[in-house]
Amino acid sequence: GDIGLELESQTEDDVFIQALDLASGATYPPILGEADRILSSMCEEIEGQRSTDDFESEFEAAIKANEGPMRNLQARVRNKSDHKIREEIELLAQLSSENEVFSNWQPWLSQVVEVYQNVLESCLGEIQNERTEISEKSASIDQNREQVALPMLIKSARQETKKNYKRTKGEVSSYIEDLSRLEVEMNEIETQLQSLQTAQEDIYKIETSNDQCVTLLVDQKDKSKVADTSYFKFFSVERLHNWVVTSSGDSSISVAFRGVSAETSIQLSFEIGEKSSVTVKAKFGRLSSAASSLISMSGPTTAQSRYHPAVSSFLTSKMNLLCKDIKRGSSSLSPTEISSTIHFTELRVARIEEAAKEINAVLGQCRNSYLQPSAKLKDCFDFTAFLIPRTKGPPESEGGRLNVTLTIPDCYPLVPIGISLKSTVKSCDVDGMVRSLRQEVKPGFGAITRAIHRLKEMI
């Protein structure tokens, strides 16, 4: 029974002390003040009930009710050797005192719990209201903080953006300077590279030249023999033609023809370019003194002839046409065709000169004659002569005259000449004479002379 009382008193004490700790540790002033007031009232009332008289009267009543056991207890207490009884007495006294205290303490503890419960209920309502108000104010604070913080954040962002812009601008300026420096370095490197490439090309050319020199040195003996053979061949035919080499180089050669007249002298220059293409320049007329001296050194020469003015005009026209043909044919000329071009020019000039000699002789034989370019055919000339009969004929034929026109084509004497006759005498068979002349006068040198002689025989 004593142990159960002790546990019960300890449990209530813990509850009360915990309530006091809760009240004293609260942060709300109303609860703390009410707790102090109740605790003071309770202590004063308990101290007032515990008087000395009440303890003595209660003790005497207990002894009278238990006189026998109390005397035995007294004997045992007086026995000094019985320590156990003394300890039990002291424990009993202690338990009795505590039982009395706690028996008076119980109602007050209930009252304290009730008071604290009422106070706590009222405080909890206020606390709940204040908590709701605090929550509302916290939400309002958060909202106001967002409204206040947004402009501040925008301003801060602008400032940060401005700082970033300035920093980026500085970095861009630095990069521009670095880029300019790199461009200067790149230009210097490109200049050096170009110089190195030029030097490499020069080195390659030198290496190629050295290889060519080595190849030439290896083949020198064989080529020397070929050159000697070619020289002797050239020397054997050197004076069989009427042209000389005036100049020559690695990729060019010039020749000059000395014609029977100043009009038929011509100079040809050949230039060998890239991809073995040949460019030809032709010029006719009086030769230069250097070319004339080279021709005179090649062998004996005769004085150039002077022709009738009409024949000189004929020669100029034909030589000009020859130069055009040479230039026109040089568009696809190769180096191996240079000799054939020279041979073609030589033959063409000789043909023109023979035709000029014949025409000049015919003009001297026919007093009433002249030579002029043809009005109908391109690059052709018309030889016109007026022939008068020498024999006597019918009375109506006396004083008559035959108009003869011979058309000399550009390819003369390789093609037939054109023949046209007109007579002032009606009885003259002009068509028969033309047919007879075309049958008898064949193409070739002297065709003009033969035609004139045959007409003279006919009239």
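Student: What should I know before we start?
Tutor: Residues are numbered from 1 along each chain as its sequence is written, and side-chain values use heavy atoms, leaving out hydrogens and water. In this predicted model, local features need pLDDT of at least 70 and side-chain atom pairs count only at pLDDT 80 or more, while totals for chains, interfaces and linings use all residues.

Student: What is the order of the strands in the open sheet?
Tutor: The four strands are ordered β1-β2-β3-β4, with antiparallel pairing. Helices (H or I, at least four residues) and strands (E, at least two) are DSSP runs, numbered from the N terminus; two strands pair if DSSP finds at least two bridges between them.

Student: Which strands are at the edges?
Tutor: They are β1 (243–248) and β4 (278–284), each of which pairs on one side only.

Student: How many bridges join β2 to β3?
Tutor: Six bridges join β2 (residues 252–257) to β3 (residues 266–272). Val255, for instance, has Leu268 in β3 as its bridge partner.

Student: Which strands does helix α8 touch?
Tutor: Helix α8 (residues 309–329) packs on the sheet and touches β3 and β4. Its direction makes about 175° with that of β4. Contact means heavy atoms within 4.5 Å; axes are lines fitted to C-alpha atoms, for helices over the stretch in contact, and angles run from 0 to 180 degrees between N-to-C directions.

Student: And where does helix α9 lie?
Tutor: Helix α9 (residues 338–365) lies across β1, β2, β3 and β4, at about 165° to β3.

Student: New topic: is Ser265 buried or exposed?
Tutor: Ser265 counts as buried because its relative accessibility is 2%. Buried means under 20% relative accessible area, exposed over 50%, and partly exposed in between (1.4 Å probe, protein chains only). Ser265 is in the loop between β2 and β3, and the residues it touches include Phe257, Lys283 and Gln304.

Student: What about Arg286, buried or exposed?
Tutor: Arg286 counts as exposed, at 69% relative accessibility. It lies in the loop between β4 and α7 (289–298).

Student: How many aromatic pairs are there in the whole structure?
Tutor: The search finds one. The rings of Phe314 and Phe381 have centres 5.1 Å apart and planes at 75°, so the pair is edge-to-face. Rings of Phe, Tyr and Trp (its six-membered ring) pair if their centres lie within 6.5 Å; planes under 30 degrees apart count as stacked, over 60 as edge-to-face and the rest as tilted.

Student: Where do those two residues lie?
Tutor: Phe314 is in helix α8 and Phe381 in strand β6 (residues 381–387), so the pair ties together parts 67 residues apart in sequence. Both Phe314 and Phe381 are buried.

Technical notes:
Lists of a residue's contacts leave out its neighbours within four places in sequence.
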